[in-house]
Amino acid sequence: MKVKLGRNKSISLLLILFFAVIVPCMALSLLALRAADRESVYLEKRLENTLLAEVDLATRAVNDLLSALTSELLESSSGVSGIFDLRPWHQDEILSDVPFLLKNGKLTLVGVNPRREEVFLESFGAFLENGATLPVYDSVAQVYKKELYDMPDEKAGYASSAGISAVLAPAPSAEEDAVKMKKPSSAAQKQLAESKLAIDPRVREEAFSALSEQGFEVSQRNVIPQAAQAEKEAPTEDLSVTVSKNYSFRDLRARDNHGLLPRLTDRGLSLLFWRTTESGDVIGTSIDMNVLKDRLIGRLPALYSDARVLTILDNAGNPIIAPETERAIDWRRPFVSREISPLLPRWEIAAWLTDPDLLSSQAQFTKRIVWVSVAALFLVIAAGSYLVSRMISYEMRIAGQKTTFVATVSHELKTPLTSIRLFAEMLLSGKQRDEEKQKEYLKTMMSEAERLSGLVDNVLAFSKGDGVEYQKQELDIGELAHDVLEQLRPHLEKQGFALSFEKEQNLFVLGNREALKQVFMNIISNAEKYSDKSREISVACLKNGAFAQIRIADRGIGIAPAQAQKIFDEFYRVDESLAALRSGTGLGLSIARNIARKHGGNVRHEPRPGGGSAFILDIPLYHGDGEAKRHDT
Ligand code: ADP
């Protein structure tokens, strides 16, 4: 019953520990580990946003430069109308590379540099003179904005009104149209279209496939920005937001009277500026790309900082200027990148991390700290749980033993009382006239009373606990042992015990007679209690160095080595059940050892050669100088 109750309590304590401590700790740890996992994503996102903001700023600066460039060329060429104006214009205008005049369908160059003129003719000759077509570039948002704007949120209708306009300069009446029709302006539409394309990959996909159907050339970007790949399973190559369609120069002239036309060839990018003169001819120039590059570089922020490297990549994916770094940079794999403008098709402004491992190592570090903290937390919980459960099980064992103790003591008290009452009744009834028998009854009553008082002594000694202080006097401990044995002799011999006593010399100790007597009583009555058929008790008193040693040996049931130390614990009994063959309280030996230690000595157990047990009591010898040496083994 007790054991069952204890087990139930332990189980409920374990459950409480599990649900109140372990489960919340596990939940918190999981949250912390998840947060640490996300840490790298947050870090990367933050860095991506910061660097994108910088790249965007640089892109805007470059776009402003390109608009300023057009204005500058328009202004410087405003007075140019004939062949003779070309050379002075070319000399004044630093951007001019090869100036030209297109009069009545005939192209004239003024001979500034034969080699460059040759290249010019290769790139633009047939286009300007013979009605050949060239790809004209524009941004998807610009070309596709009307469809996107008209598109009810989900479904897109592909109207075919897309037109090339950015290259040809913005539609002049867009703002007026917007006011009249209460629709957003052309610029606003482009902005809206850009954000729609950026937010929704499906819209992008639809726009690209619609534009391909309409004959637009769609190309891949030169770079794969790493930040954008973080959440994708496999790296994907993005399509460029600049698309192109072939037009003849006549088409362009029909739409506008000036423009900047990029042309991509094996030699790289060339730009053509053209304008219609008042007389209906066309003048223009190709742009000196070195001057343009210089100006572009001038608009960039610092190329190198602690966190990143930033530069412009040309249409071949090579940097137009590269800072010197210790690390080799993979130009095709920037961290973030933006396409610049349809005027510089396939050119990008991009940023690379100075130390790409920094992100992951920082995230790794955080993750490691969290793991270590979680491990430490669980270790502390495990250690705490172990200590608490040990304490609880100890307390429960003591509580259980106390309960058993009360039951045992009552039982132990009742047995001698019953037999005393029984013999007293028999004597009183006068039925037994045999004097010998009457004496025997009285002796039994005496020994039962003796047992009773021994028991009460033990309970009293236990209730006093460790705090008791003994009045000590000089006494011969061998003689005391002899007295106790003689006192018990009649009873023991009646029980069939063979007794022997040995004593070499006087063994004076400083001790409390009653307490030491209780030690002998407890040990000898155990020898009686735990003996079966071999019934023999021998007491030997000798001097062992500074100690008097009393050895009480029996031929009883013996004690297993595993129990040898425990038998001295309070309430410990080898057989703890109430129905044990031999009754007892589990206090006798613990009290004996306690008393011995209060005398500076000890009691220990040794297995007896040939079977049985030996209990050895050591007490410091007393030489009359008032000093007793301690002995703690
Ligand atoms: P108890 O009241 O049970 O005898 P003790 O403290 O005197 O309590 O003894 C503790 C346990 O040690 C006993 O329950 C018994 O199992 C064992 N023991 C003590 N003395 C002997 C002995 N002489 N022979 C065998 N076992 C013994």
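A residue is termed buried when its relative accessible area is under 20%, exposed when it is over 50%, and partly exposed in between (1.4 Å probe, protein chains only). The structure is a predicted model, in which local features need pLDDT of at least 70, side-chain atom pairs count only at pLDDT 80 or more, and totals for chains, interfaces and linings use all residues. Residues are numbered from 1 along each chain as its sequence is written, and side-chain values use heavy atoms, with hydrogens and water left out.

Helices (H or I, at least four residues) and strands (E, at least two) are DSSP runs numbered from the N terminus. Helix 15 (residues 588-598) is largely enclosed by the rest of the structure, because eight of its 11 residues are buried. Among these are Gly 588, Leu 589, Arg 593 and Ala 596. The cover over the buried residues, given by contact (heavy atoms within 4.5 Å), includes helix 12 (435-464), helix 14 (513-529), strand 16 (602-607) and strand 17 (613-620). Gly 600, with a positive phi near 80 degrees, follows helix 15.

Helix 14, helix 15 and strand 17 also each supply at least two residues of the shell around the ligand. A residue is near a molecule or strand if one of its heavy atoms lies within 4 Å of it. Of the 19 residues around the ligand, those that come nearest are Asn 526, Tyr 530, Asp 554, Arg 573 and Thr 585. Polar contacts are pairs of N or O atoms within 3.5 Å; within protein, one must be able to donate a hydrogen and the other to accept it, and residues adjacent in sequence count only if both atoms are side-chain atoms. An N or O atom in the side chain of Asn 526 is 2.8 Å from an oxygen atom of the ligand, and for Tyr 530 the corresponding distance to a ligand oxygen atom is 2.7 Å.
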